Amino acid sequence: MVMVDEVPFPPQITTTKPLSLLGHGITDIEIHFLQIKFTAIGVYLEPEVVGHLQQWKGKPGNVLAEDDNFFEALINAPVEKFLRVVVIKEIKGSQYGVQLESAVRDRLAADDKYEEEEEEALEKVVEFFQSKYFKKDSVITYHFPANSATAEIAFTTEGKEEAKIKVENANVVEMIKKWYLGGTRGVSATTISSLANTLSAELCK
(Lines give C-alpha, C1' and ligand atoms only; values in the text may rest on other atoms or scores of the structure.)
Protein backbone atom coordinates (compact mmCIF):
# COMPACT_ATOMS: atom_id res chain seq x y z
CA MET A 1 0.00 0.00 0.00
CA VAL A 2 1.10 3.59 -0.65
CA MET A 3 0.45 5.82 2.35
CA VAL A 4 -0.92 9.26 1.53
CA ASP A 5 -1.05 11.19 4.77
CA GLU A 6 -1.76 8.03 6.77
CA VAL A 7 -4.43 6.91 4.29
CA PRO A 8 -3.57 3.67 2.44
CA PHE A 9 -3.93 3.57 -1.36
CA PRO A 10 -3.43 0.40 -3.41
CA PRO A 11 -0.56 0.90 -5.92
CA GLN A 12 -2.75 -0.58 -8.63
CA ILE A 13 -6.47 -1.03 -9.19
CA THR A 14 -8.34 -2.84 -11.92
CA THR A 15 -11.35 -1.33 -13.63
CA THR A 16 -11.65 -2.71 -17.14
CA LYS A 17 -7.85 -3.04 -17.08
CA PRO A 18 -5.06 -2.49 -14.52
CA LEU A 19 -4.43 1.16 -13.69
CA SER A 20 -1.41 2.43 -11.77
CA LEU A 21 -1.28 4.99 -8.98
CA LEU A 22 0.72 7.72 -10.74
CA GLY A 23 -0.02 10.66 -8.47
CA HIS A 24 -1.32 11.38 -5.01
CA GLY A 25 -1.74 14.27 -2.61
CA ILE A 26 -4.19 16.05 -0.36
CA THR A 27 -6.62 18.96 -0.31
CA ASP A 28 -6.08 21.26 2.61
CA ILE A 29 -6.43 24.81 3.83
CA GLU A 30 -4.35 26.89 6.20
CA ILE A 31 -6.13 28.96 8.82
CA HIS A 32 -4.03 30.99 11.28
CA PHE A 33 -0.93 28.87 10.54
CA LEU A 34 -2.93 25.72 11.20
CA GLN A 35 -3.14 23.20 8.39
CA ILE A 36 -6.52 21.51 8.05
CA LYS A 37 -6.52 18.49 5.75
CA PHE A 38 -9.76 17.55 4.01
CA THR A 39 -9.08 14.68 1.63
CA ALA A 40 -6.35 12.36 0.36
CA ILE A 41 -6.32 11.83 -3.40
CA GLY A 42 -4.98 9.04 -5.59
CA VAL A 43 -4.84 9.36 -9.39
CA TYR A 44 -4.85 6.07 -11.30
CA LEU A 45 -4.04 6.00 -15.00
CA GLU A 46 -3.24 3.49 -17.70
CA PRO A 47 0.57 3.27 -17.86
CA GLU A 48 0.23 3.84 -21.64
CA VAL A 49 -0.55 7.47 -20.90
CA VAL A 50 3.16 8.28 -21.30
CA GLY A 51 2.85 7.45 -25.00
CA HIS A 52 0.62 10.51 -25.37
CA LEU A 53 3.02 12.83 -23.53
CA GLN A 54 6.25 12.20 -25.45
CA GLN A 55 6.83 15.85 -26.38
CA TRP A 56 7.58 16.52 -22.67
CA LYS A 57 10.26 13.86 -22.48
CA GLY A 58 13.31 15.03 -20.52
CA LYS A 59 11.51 17.82 -18.67
CA PRO A 60 11.91 17.70 -14.87
CA GLY A 61 8.87 17.30 -12.64
CA ASN A 62 9.00 20.85 -11.25
CA VAL A 63 8.78 22.23 -14.80
CA LEU A 64 5.89 19.93 -15.76
CA ALA A 65 3.98 20.90 -12.61
CA GLU A 66 3.86 24.49 -13.89
CA ASP A 67 2.96 23.52 -17.45
CA ASP A 68 -0.81 23.59 -17.94
CA ASN A 69 -0.47 22.38 -21.54
CA PHE A 70 1.07 19.18 -20.19
CA PHE A 71 -1.95 18.59 -17.95
CA GLU A 72 -4.30 19.50 -20.79
CA ALA A 73 -2.67 16.74 -22.84
CA LEU A 74 -2.92 14.37 -19.88
CA ILE A 75 -6.65 15.10 -19.46
CA ASN A 76 -7.27 14.67 -23.20
CA ALA A 77 -5.19 11.48 -23.59
CA PRO A 78 -7.53 8.63 -24.65
CA VAL A 79 -6.72 6.46 -21.64
CA GLU A 80 -8.80 5.38 -18.68
CA LYS A 81 -8.58 7.59 -15.60
CA PHE A 82 -9.72 6.86 -12.06
CA LEU A 83 -9.63 9.18 -9.06
CA ARG A 84 -9.93 7.88 -5.51
CA VAL A 85 -10.66 10.55 -2.92
CA VAL A 86 -10.65 9.58 0.76
CA VAL A 87 -12.15 11.82 3.42
CA ILE A 88 -9.73 12.89 6.21
CA LYS A 89 -11.84 15.56 7.86
CA GLU A 90 -15.54 14.86 8.02
CA ILE A 91 -17.85 17.35 6.35
CA LYS A 92 -21.36 17.35 4.95
CA GLY A 93 -21.67 16.07 1.41
CA SER A 94 -23.42 19.31 0.54
CA GLN A 95 -20.24 21.27 1.38
CA TYR A 96 -18.22 19.13 -1.00
CA GLY A 97 -20.98 19.45 -3.62
CA VAL A 98 -20.88 23.24 -3.41
CA GLN A 99 -17.09 23.24 -3.89
CA LEU A 100 -17.41 20.98 -6.92
CA GLU A 101 -20.27 23.05 -8.30
CA SER A 102 -18.52 26.41 -8.08
CA ALA A 103 -15.23 25.02 -9.48
CA VAL A 104 -16.97 23.38 -12.44
CA ARG A 105 -19.37 26.25 -13.08
CA ASP A 106 -16.58 28.88 -13.05
CA ARG A 107 -14.52 26.86 -15.52
CA LEU A 108 -17.53 26.34 -17.82
CA ALA A 109 -18.48 30.02 -17.67
CA ALA A 110 -14.91 31.08 -18.47
CA ASP A 111 -15.03 28.88 -21.61
CA ASP A 112 -18.56 30.01 -22.56
CA LYS A 113 -19.85 26.47 -22.12
CA TYR A 114 -22.31 26.99 -19.28
CA GLU A 115 -25.71 26.37 -20.90
CA GLU A 116 -28.94 24.83 -19.64
CA GLU A 117 -27.76 21.25 -20.24
CA GLU A 118 -24.60 21.85 -18.23
CA GLU A 119 -26.54 23.48 -15.43
CA GLU A 120 -28.90 20.49 -15.24
CA ALA A 121 -26.11 17.91 -15.28
CA LEU A 122 -24.19 19.78 -12.59
CA GLU A 123 -27.33 20.16 -10.50
CA LYS A 124 -27.74 16.35 -10.50
CA VAL A 125 -24.20 15.85 -9.22
CA VAL A 126 -24.74 18.43 -6.47
CA GLU A 127 -28.00 16.70 -5.49
CA PHE A 128 -26.20 13.36 -5.38
CA PHE A 129 -23.80 14.70 -2.74
CA GLN A 130 -26.47 16.71 -0.91
CA SER A 131 -27.83 13.74 1.03
CA LYS A 132 -24.45 12.22 1.91
CA TYR A 133 -22.42 12.62 5.05
CA PHE A 134 -18.66 12.43 4.55
CA LYS A 135 -17.44 10.56 7.59
CA LYS A 136 -13.68 10.08 7.95
CA ASP A 137 -12.46 7.34 5.57
CA SER A 138 -15.50 7.63 3.27
CA VAL A 139 -14.43 7.18 -0.35
CA ILE A 140 -15.48 9.14 -3.44
CA THR A 141 -14.35 7.73 -6.77
CA TYR A 142 -14.48 9.21 -10.26
CA HIS A 143 -14.16 6.82 -13.17
CA PHE A 144 -13.48 8.31 -16.60
CA PRO A 145 -13.52 5.65 -19.36
CA ALA A 146 -10.93 5.94 -22.12
CA ASN A 147 -13.07 6.79 -25.12
CA SER A 148 -16.28 8.23 -23.80
CA ALA A 149 -16.97 11.67 -22.42
CA THR A 150 -18.79 10.32 -19.37
CA ALA A 151 -17.95 9.90 -15.72
CA GLU A 152 -19.19 7.55 -13.07
CA ILE A 153 -19.07 8.94 -9.55
CA ALA A 154 -19.41 6.58 -6.60
CA PHE A 155 -19.58 7.19 -2.87
CA THR A 156 -18.92 4.61 -0.17
CA THR A 157 -19.13 5.11 3.56
CA GLU A 158 -19.12 2.71 6.45
CA GLY A 159 -22.35 0.79 6.92
CA LYS A 160 -24.04 2.03 3.74
CA GLU A 161 -24.53 0.64 0.26
CA GLU A 162 -22.35 2.18 -2.44
CA ALA A 163 -24.18 5.03 -4.20
CA LYS A 164 -23.46 5.88 -7.84
CA ILE A 165 -24.30 8.49 -10.41
CA LYS A 166 -23.38 8.76 -14.08
CA VAL A 167 -22.53 12.12 -15.63
CA GLU A 168 -23.16 12.24 -19.36
CA ASN A 169 -22.60 15.90 -20.18
CA ALA A 170 -19.18 16.05 -21.84
CA ASN A 171 -18.47 19.64 -20.78
CA VAL A 172 -19.23 18.96 -17.12
CA VAL A 173 -17.12 15.79 -17.22
CA GLU A 174 -14.20 17.73 -18.72
CA MET A 175 -14.33 20.35 -15.97
CA ILE A 176 -14.53 17.74 -13.20
CA LYS A 177 -11.31 16.29 -14.64
CA LYS A 178 -9.81 19.77 -14.70
CA TRP A 179 -10.81 20.40 -11.08
CA TYR A 180 -8.59 17.52 -10.00
CA LEU A 181 -6.05 17.32 -12.84
CA GLY A 182 -5.94 20.88 -14.17
CA GLY A 183 -2.32 21.75 -13.56
CA THR A 184 -1.75 25.02 -11.71
CA ARG A 185 -5.51 25.50 -11.33
CA GLY A 186 -6.13 22.03 -9.92
CA VAL A 187 -7.66 21.72 -6.46
CA SER A 188 -4.61 19.94 -5.00
CA ALA A 189 -1.12 21.30 -5.70
CA THR A 190 0.47 18.28 -3.96
CA THR A 191 -1.32 15.90 -6.34
CA ILE A 192 -0.29 17.90 -9.42
CA SER A 193 3.33 17.98 -8.25
CA SER A 194 3.30 14.23 -7.53
CA LEU A 195 1.83 13.44 -10.97
CA ALA A 196 4.40 15.71 -12.65
CA ASN A 197 7.31 14.00 -10.86
CA THR A 198 6.08 10.47 -11.57
CA LEU A 199 5.34 11.16 -15.22
CA SER A 200 8.65 12.97 -15.67
CA ALA A 201 10.43 9.82 -14.40
CA GLU A 202 8.24 7.54 -16.57
CA LEU A 203 8.97 9.65 -19.65
CA CYS A 204 12.71 9.21 -19.09
CA LYS A 205 12.54 5.41 -19.13
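Helices (H or I, at least four residues) and strands (E, at least two) are taken here as DSSP runs, numbered from the N terminus. The structure is a predicted model, in which local features need pLDDT of at least 70 and side-chain atom pairs count only at pLDDT 80 or more, whereas totals for chains, interfaces and linings use all residues. Residues are numbered from 1 along each chain as its sequence is written, and side-chain values use heavy atoms, with hydrogens and water left out.

Within this scheme, Lys92 belongs to strand S7, which comprises residues 91-92. When its neighbours within four places in sequence are set aside, Lys92 is in contact (heavy atoms within 4.5 Å) with Lys132 and Tyr133. The C-alpha atom of Lys92 is separated by 38 Å from that of Ala201, a residue 109 positions away along the chain.

The model holds 9 salt bridges, a salt bridge being a side-chain nitrogen of Lys or Arg within 4 Å of a carboxyl oxygen of Asp or Glu. One of them pairs Asp5 with Lys37, with the closest N and O atoms 3.0 Å apart. This pair links distant parts of the chain, since Asp5 is in the loop between strand S1 (2-4) and strand S2 (7-9) while Lys37 is in strand S5 (residues 34-45), 32 residues apart. In describing exposure, buried means under 20% relative accessible area, exposed over 50%, and partly exposed in between (1.4 Å probe, protein chains only). Asp5, with a relative accessible area of 34%, is partly exposed, and Lys37 is also partly exposed, at 25%.

A salt bridge is likewise formed between the side chains of Lys17 and Glu46, at 3.5 Å from N to O. Because Lys17 lies in the loop between strand S3 (12-14) and strand S4 (18-31), and Glu46 in the loop between S5 and helix H1 (61-64), the pair ties together parts that are 29 residues apart in sequence. Lys17 counts as partly exposed at 34% relative accessibility, whereas Glu46 is buried, with a relative accessible area of 5%.

The side chains of Glu174 and Lys113 meet in a further salt bridge, at 3.2 Å from N to O. Glu174 lies in helix H5 (residues 170-181) and Lys113 in the loop between helix H3 (93-110) and H4, so that parts 61 residues apart in sequence are tied together. Glu174 counts as buried at 18% relative accessibility, while Lys113 is partly exposed at 26%. Through salt bridges that share partners, Glu72, Lys113, Glu174 and Lys178 are joined into one network.

A negative surface patch is made up of Asp111, Asp112, Glu115, Glu116, Glu117, Glu119, Glu120, Glu123 and Glu127. Such patches consist of residues with over 30% relative accessible area and no salt bridge, like charges being joined within 9 Å and nonpolar side chains (Val, Leu, Ile, Met, Phe, Trp, Tyr) within 5 Å.

As regards the backbone, most residues other than glycine have a negative phi. Glu6, although not a glycine, has a positive phi of about 70°; Glu6 lies in the loop between S1 and S2 and is exposed, with a relative accessible area of 73%. Phe33, which is not a glycine either, has a positive phi of about 65°. Phe33 is found in the loop between S4 and S5 and is exposed, with a relative accessible area of 80%.

Note on methods. Accessible areas come from the Shrake-Rupley method with a 1.4 Å probe; for residues, only the protein chains shown count as cover. Lys and Arg count as positive and Asp and Glu as negative; His and the chain ends are not counted. The place of a charge is taken as NZ of Lys, CZ of Arg, CG of Asp or CD of Glu.
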